[in-house]
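Subject: Structure for you to look through

Hello,

Here is the structure I promised to pass on. Please open it next to this email and follow along.

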Amino acid sequence: MKRSPLSLMILLALLTLQPQASGVGASRPEPATLAIGAKAPDFSLTGVDDKAWGLKDFASRKCLVVVFSANHCPTAQAYEDRLISVFNDYAPKGVGMVIISPNSPKALNLAEMGYTDLGDTLAEMKVRAEDKKFPFPYLYDGDEQTAALAYGPVATPHVFIFDADRRLRYEGRVDEKEKPGTGRAEDLRNALDAVLAGRTPAVATTKVFGCSVKWAWKDDYTKQLYKEWAALPVTLEPIDVAGVRHLLTNPTGKLLLINVWATWCGPCTAEFPELVRTDRMYRERDFEFVSISADRLEKRDKALAFLKKSQASNRNYIFSGATIYPLIEAIDPDWKGALPYTIVVEPGGETVLRHQGILDPGDLRKFIVEHPLIGRYY
């Protein structure tokens, strides 16, 4: 069977990336970055619009910008608005732009998601594209990573600019100033101006700074981290009304997520795994998750067993009062008492979110990461 140049390129890259004899995945080398002057490798990737995209879809464009980016990466998020601005300014000049997410979701661990509400699955990419109103195609390469293997991005974001013949004329950063509002995508714009004018960019390559590409074979660290999390101690301590009131003053200096739940409450136990997941995302930030069980004190062992099964290594309390009503009044006088009940408390004690019933985990994480105490950027 005759193979296309693209399939041969991908096959060669895959062979190069085979593990060493030891079988250790981390020993695989990362693919080389595409060299200046190289032809743009073709691809067939699904976009957030559920359509398949390839180079042919940009054939009418005078030049093409391919950017490898990612939902979860704080650096990538810092450049999203600049990429939108560049697209809006240069699309009328005949420039095409496509964003490709190269990351394997299985290699992205929760500890790497402290600056985001979304991971790198196609479903989550659709949410980001809608939130940001991306005007360009946003494509998923996380399963086979064929485009990433062919182009060799070093980090997210990583820019590749191709001329009318689809020869690479620039690869590197968007600009040198990561923080939003401090740069205008100067490197990208300067290179585009040169290519459109038929000139060689004054600077053809730059180093890139951002999150590493999450290659599918590099999941050893994630597996080890999750094993360590599973081994952390899980405790459940009694708390009285005075303790709850002190908790709500929040002297921690952190954003405090408090969830009141019970083992007999189906919605509570259904929701709880997502709260643990949220805790693992943000626990290294100025954030803490605290749970309060509304089970009777004599049911402490049952509640603790559930927490251990959930690997809830956060702070956990069980209310020690004779009735539950003092807890309801202490948490929120406006709370009618139905479970689960969730609040978010700022340092100093101001409650900034109240919710009765199951919280949508995406809405909760978006609220957390967009709070000024947390944020999406460094």
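The secondary structure of the protein comes to 11 helices and 15 strands. Helices (H or I, at least four residues) and strands (E, at least two) are DSSP runs, numbered from the N terminus. This is a predicted model, where local features need pLDDT of at least 70, side-chain atom pairs count only at pLDDT 80 or more, and totals for chains, interfaces and linings use all residues. Residues are numbered from 1 along each chain as its sequence is written, and side-chain values use heavy atoms, with hydrogens and water left out.

**Overall**

The C-alpha trace spans about 80 × 50 × 30 Å along its principal axes. The protein has 378 residues, and 51% of them are buried. Buried means under 20% relative accessible area, exposed over 50%, and partly exposed in between (1.4 Å probe, protein chains only). Now take contacts between residues at least 6 apart in sequence: 77% of these join residues at least 24 apart. Contact means heavy atoms within 4.5 Å.

**Helix 11**

Start with helix 11, residues 361-369. Its buried residues are Leu364, Arg365, Ile368 and Val369. Seen down the helix axis, they fall within an arc of 120 degrees, so they line one face of helix 11. The arc is that of the directions from the helix axis to the C-beta atoms. What covers them? The cover includes strand 11 (255-261), helix 8 (266-282), strand 12 (287-293) and strand 14 (341-345). Look also at the start of helix 11. There, a side-chain oxygen of Asp360 comes within 2.9 Å of the backbone nitrogen of Gly362.

**Helix 5**

Helix 5 covers residues 186-196. Buried here are Asp187, Leu188, Arg189, Ala191, Leu192, Ala194 and Val195. Gly198 follows helix 5 and has a positive phi, near 80 degrees.

**Thr222 and Asn109**

Thr222 is in helix 6, residues 220-230. Asn109 lies in the loop between strand 4 and helix 3 (122-132). Are they buried or exposed? Thr222 counts as buried, at 6% relative accessibility. Asn109 is buried too, at 1%.

Their side chains make a polar contact of 3.4 Å. A polar contact is a pair of N or O atoms within 3.5 Å; within protein, one must be able to donate a hydrogen and the other to accept it, and residues adjacent in sequence count only if both atoms are side-chain atoms. A polar atom of the Asn109 side chain also lies 2.9 Å from the backbone nitrogen of Ala111.

Now set aside neighbours within four places in sequence. Thr222 is then in contact with Lys106, Ala107, Leu108 and Asn109. Asn109 touches Tyr221, Thr222, Leu225 and Tyr226.

**Backbone details**

Pro157 lies in the loop between strand 6 (155-156) and strand 7. Another cis peptide bond joins Leu339 and Pro340, with omega about -5 degrees. Pro340 lies in the loop between helix 10 (325-331) and strand 14.

Gln145 has a phi of about 55 degrees. Gln145 sits in the loop between strand 5 (138-140) and helix 4 (146-151), and is buried at 3% relative accessible area. Ala185 has a positive phi of about 65 degrees. Ala185 is in the loop between strand 8 and helix 5, and is buried at 0%.

**The cavity**

How many cavities of 30 Å³ or more does a search of the whole structure find? It finds 1. On a 1 Å grid over the protein atoms alone, a cavity is a set of points where a 1.4 Å probe fits but cannot get out; lining residues have an atom within 4 Å of a point. Grid points are joined across faces, edges and corners, and a volume is the space filled by probe spheres set on the points. The lining is Ser69, Ala70, Glu80, Leu83, Ile99, Phe134, Phe136 and Tyr138.

Best wishes

Conventions: On a 1 Å grid over the protein atoms alone, a cavity is a set of points where a 1.4 Å probe fits but cannot get out, and a pocket is an open set with protein on both sides within 12 Å along at least five of seven lines; lining residues have an atom within 4 Å of a point.
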